[in-house]
Amino acid sequence: MTKTAAILLTGGRIKDKERAEWSSLLPADCNNRVMVDLAGKPMFEYVADAIIDADIELIIAGDVPYQGNYTRVDAGTSLVDTLLSGIASVSESINQVLVVTADIPFITASGIKAILGNAPQADFVYTIIPMDLCRTRFPDAKRTSLRTADGEFTGGNIVLINPQ
């Protein structure tokens, strides 16, 4: 049986060149873009709640305030360090880890379940979204994309990995 845990990466530190753009959207003395208030709560909480609502064990990697049932690990000095810290906290009974960035507040529990239900059995699964769908839903979003023979795609900010 497949048992899943999710590592929510919450280390969205703002680069100095972007500070002016973000400063009015964040609490005072905050340098983490996942703390942007959306309809009364920080952006990352929507993602954390979707993970919990999907009945998946939640590991928050980073220092953000959250009231809920989860494990917390410190953010590392790099994305890889943070990810490895999260994976090290996963129990041996977990055989797949959903790695999720905290800046996708429109993700839902049903979306997470659909990803898990449709993912191929592999050690590494990277989600992609057709760029035209992303532009239709979020026309002002800044996204990196890649054009392939099958079309233009952007990353889905969710990766499924084998913790081993």
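Guide: A residue is called buried when its relative accessible area is under 20%, exposed when over 50%, and partly exposed in between (1.4 Å probe, protein chains only). This is a predicted model, in which local features need pLDDT of at least 70 and side-chain atom pairs count only at pLDDT 80 or more, while totals for chains, interfaces and linings use all residues. Residues are numbered from 1 along each chain as its sequence is written, and side-chain values use heavy atoms, with hydrogens and water left out.

Visitor: Why does Phe-124 count as exposed?

Guide: Phe-124 has a relative accessibility of 54%, and because exposed means over 50%, Phe-124 falls in that class. The residue is found in strand 7, residues 124–130, where strands (E, at least two residues) and helices (H or I, at least four) are DSSP runs numbered from the N terminus.

Visitor: What makes Thr-10 a buried residue?

Guide: Its relative accessible area is 1%, and since buried means under 20%, Thr-10 is placed among the buried residues. Thr-10 is found in the loop between strand 1 and helix 1 (19–23), and, leaving aside neighbours within four places in sequence, its contacts (heavy atoms within 4.5 Å) include Asn-32, Phe-44 and Ala-102.

Visitor: How do you know that the buried residues of helix 3 lie on the same side?

Guide: The buried residues of helix 3 (residues 79–88) are Thr-82, Gly-86 and Ile-87. They cover an arc of only 135° around the axis, which puts them on the same side of helix 3, the arc being that of the directions from the helix axis to the C-beta atoms. The face turned away from this buried side carries the exposed residues Val-80, Leu-84 and Ala-88.

Visitor: Why are Arg-33 and Asp-103 said to meet in a salt bridge?

Guide: Their side chains come to 2.8 Å, N to O, and because a salt bridge is a side-chain nitrogen of Lys or Arg within 4 Å of a carboxyl oxygen of Asp or Glu, the pair qualifies. Arg-33 lies in the loop between helix 1 and strand 2 (37–38) and Asp-103 in the loop between strand 6 (96–101) and helix 4 (109–118), so the pair ties together parts that are 70 residues apart in sequence.

Visitor: Why is Glu-152 called buried, and which class does Arg-135 belong to?

Guide: Glu-152 has a relative accessible area of 18%, and because this is under 20% it counts as buried, whereas Arg-135, at 42%, is partly exposed. Glu-152 and Arg-135 form a salt bridge, with the closest N and O atoms 3.1 Å apart.
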